[in-house]
Amino acid sequence: MPRWIFPTVAALVTATLALGISVSAVAATIQISMENLEVAPAEVTAKVGDTIEWVNKDVFAHTATARNGDWDVMLPPKKNGTLVLKKAGTVDYYCRFHPNMKATLTVTP
Amino acid sequence: MFVRLSAALAAVSLLSGAAMAQSAKPTDPQIAHIAYTAGLIDIAAAKQALGKTSNKEVKSFADDMVRDHEAVNKQALDLVKKLNVTPEDNDTSKTLSKNAAAKLAELDKLGGAAFDKAYVANEVAYHKAVDSALETTLIPSANNAELKSLLQTGLKIFQGHEQHAEHVAAALK
């Protein structure tokens with residue numbers, strides 16, 4: 001089975017400020033798979049600004065639902081769902097339909 | 001799940017207990033039939049709930065049951081077709097169906113919050129019983145690797161449903 005973390009450079013965001021200084025930040029897209037009701041990898045660390053892309057390989061609908069209520073991403077069968085990380089912290093999340101699917105996302109500033 | 005807890009346990013012991021120790025292990029065609037039947041029973045239960053409940057959480061849970069069990073059963077049908085296996089009716093399937101029919105009739109007499117509670121409590125008990133049967137008998141008895149793997153996925157789905165049902169049951173209190 002393939003490892004499902006493929007941090008890729010998804011976007012190169014360049015913001016030109018009024019002062020004329022060019023600031024660029026590299027945001028990554030990190031894939032997390034859901035297959036046969038397993039979240040892999042179950043522990044992921046990412047940065048604010050990164051995008052998490054859950055890849056649902058099952059024929060069942062899943063969700064990635066933060067226990068703290070911050071986000072709830074629907075993942076229809078065989079579809080992906082994304083979330084742009086906005087704040088730092090460690091968030092436990094689970095699937096509302098199959099609460100035995102659990103994982104942790106650590107977001108660093 | 002249509003079996004009362006006691007009946008559910010009876011079904012489990014039928015699957016895994018002394019009765020099974022005496023008879024031969026279920027064959028793959030029988031296992032396929034039992035697993036498929038268990039799914040159909042939960043779909044029928046969910047459809048009854050969808051026709052009777054006005055509780056949003058119960059409705060949403062029942063929708064999930066229909067969706068997941070139809071998906072599992074579709075996979076099961078695809079697999080038996082691929083393996084050229086004809087599911088074979090057996091005493092365990094018959095007992096499950098008989099208990100399920102009795103439970104449907106029993107729940108049919110209830111309405112409102114009483115129905116919701118009874119349906120969800122039964123879902124918890126039913127999924128527990130099926131999980132136990134999968135773990136102790138069906139998965140260990142399955143010969144074909146693909147069937148075994150589908151049953152293992154089925155077990156995780158059922159365990160997820162059991163926990164989901166427990167959440168809904170707690171919310172109804």
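**Close-up views of a predicted two-chain model**

**View 1. Surroundings of B:Ile31.** Setting aside neighbours within four places in sequence, B:Ile31 is in contact with B:Pro26, B:Leu138, B:Ser141, B:Ala142 and B:Leu147 (contact: C-beta atoms, placed from the backbone, within 7 Å). This is a predicted model: local features need pLDDT of at least 70, side-chain atom pairs count only at pLDDT 80 or more, and totals for chains, interfaces and linings use all residues. Residues are numbered from 1 along each chain as its sequence is written, and chains are lettered from A in the order in which they are written.

**View 2. The largest nonpolar core.** This core has 58 residues (buried Ala, Val, Leu, Ile, Met, Phe, Trp, Tyr and Cys joined through C-beta atoms within 7 Å; buried: 20 or more other C-beta atoms within 10 Å of the residue's own). Among those with the most contacts inside it are A:Ile52, B:Ile31 and B:Leu138. Helix 6 (residues 112–141) of chain B gives the most, with 11 residues (helices: DSSP runs of H or I, at least four residues, numbered from the N terminus).

**View 3. Helix 3 against helix 4 in chain B.** Helix 3 (residues 28–52) and helix 4 (residues 56–83) of chain B pack at about 155 degrees, axes 8 Å apart (axes are lines fitted to C-alpha atoms over the stretch in contact; angles run from 0 to 180 degrees between N-to-C directions). The two are therefore roughly antiparallel (angles over 145 degrees).

**View 4. Chain B meets chain A.** The contact takes 13 residues from chain B and 11 residues from chain A. Helix 7 (145–172) of chain B gives the most to the chain B side, with eight residues.

Notes
Parallel < 35°, antiparallel > 145°, perpendicular 65-115°, else oblique. Contact = placed C-beta atoms within 7 Å. Buried ≥ 20, exposed ≤ 12 C-beta atoms within 10 Å, placed from the backbone.
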